Amino acid sequence: MGILNATPDSFFEGSRVNSVDAAIQQAEKMVSDGVRILDIGGHSTRPGAEPVTEQEEVNRVIPIIETLNKLFPNLIISIDTYRLNVAKAAFSAGAHIFNDIGGGQMDKGIFDWICSNQIPYVLTHSVGQFEMVHQIPNYNHVVEDVWTDLAKKVQLLRSKGLKNLMIDPGFGFSKSLDQNYQLLAHLNQFTLLGAPILVGLSRKTMIHKFLQIDADQSLNGSTALQAIALTKGAQILRVHDVKEAMEVIKLVHKLNQYGVSDICE
């Protein structure tokens, strides 16, 4: 899953596009590098990001989705939003996946809509409304608490008949730096939820803050953690750097032929 941000303020400058033409140029490169899904976002979720209006978010993403649909008919398009009306507009324009950092809790009616319309959905763990997403809750045990929260929502969505569900532990959302690493260390536990695991580690604060570097210097760290995530059960990598991520995927798949799961126990 390649990241395409129609925003002026996303934390990694290399993921920002400010026009449809720029988005298509970047999408072409990602497709050439092997991307399977493009995740289009019109609202930055970086720490300190100010909310934009719903209409502004729609205006940013819809022209890109419509154009991508025409030019790349086989490409899977994901809408990265926590707002129901933005998701609805994106699906009307041709989106295929709703990637919701809010886990259904930042807007009303999301679960009812996705279940009644069988919308492929990424259920992300976070706590509270958008303005709270970078605050750290008082977890008893972060791995158990995140797992339990996702498990309850997975059970609810399946009881409502949702078939195409992915889960994301929400690295960087409602977690401290150390809690992110705790989740990654125990990522294999989330396979018990019985849904594909998506991870978004690419160039995040947990990498560049710990290494005391900038986001644009954190490709190597991203690659290392993505490889670890794959060996612990991740099935979708959400990345800024598609070529490098595809190399990681190929190498881990090769290693899996010789029992990498045994190495990671």
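Trainee: What covers the buried residues of α9?

Mentor: The cover includes β1 (2-5), α1 (20-33) and α8 (219-231), where contact means heavy atoms within 4.5 Å. This is a predicted model, in which local features need pLDDT of at least 70 and side-chain atom pairs count only at pLDDT 80 or more, while totals for chains, interfaces and linings use all residues. Residues are numbered from 1 along each chain as its sequence is written, and side-chain values use heavy atoms, with hydrogens and water left out.

Trainee: Which residues of α9 are called buried?

Mentor: V242, A245, M246, V248 and V252 are buried in α9, the term being kept for residues under 20% relative accessible area, with exposed meaning over 50% and partly exposed in between (1.4 Å probe, protein chains only). Seen down the axis of α9, these buried residues fall within an arc of 155°, so they line one face of the helix; the arc is that of the directions from the helix axis to the C-beta atoms. The face turned away from that buried side carries the exposed residues K250 and L251.

Trainee: Why does the end-to-end distance of α9 agree with what a helix should span?

Mentor: Helices (H or I, at least four residues) and strands (E, at least two) are DSSP runs, numbered from the N terminus. The expected span is 1.5 Å times one less than the number of residues, so the 15 residues of α9 (residues 242-256) should span 21 Å, and the end C-alpha atoms are 21 Å apart, which agrees.

Trainee: What makes the chain as compact as a globular protein of its length?

Mentor: The secondary structure of the chain comes to ten helices and eight strands. Its radius of gyration is 17 Å, close to the 18 Å that the globule rule gives for 265 residues, so the chain is as compact as a globular protein of that length. That radius is taken over C-alpha atoms, and the rule is 2.2 Å times the number of residues to the power 0.38. Buried residues make up 53% of the 265 residues.

Trainee: Are R203 and Q212 buried or exposed?

Mentor: R203, in the loop between β7 (197-199) and α7 (205-211), has a relative accessible area of 5% and is therefore buried. Q212, in the loop between α7 and α8, counts as exposed because its relative accessibility is 73%. Phi is positive in both residues, about 55° in R203 and near 60° in Q212, although most residues other than glycine have a negative phi.
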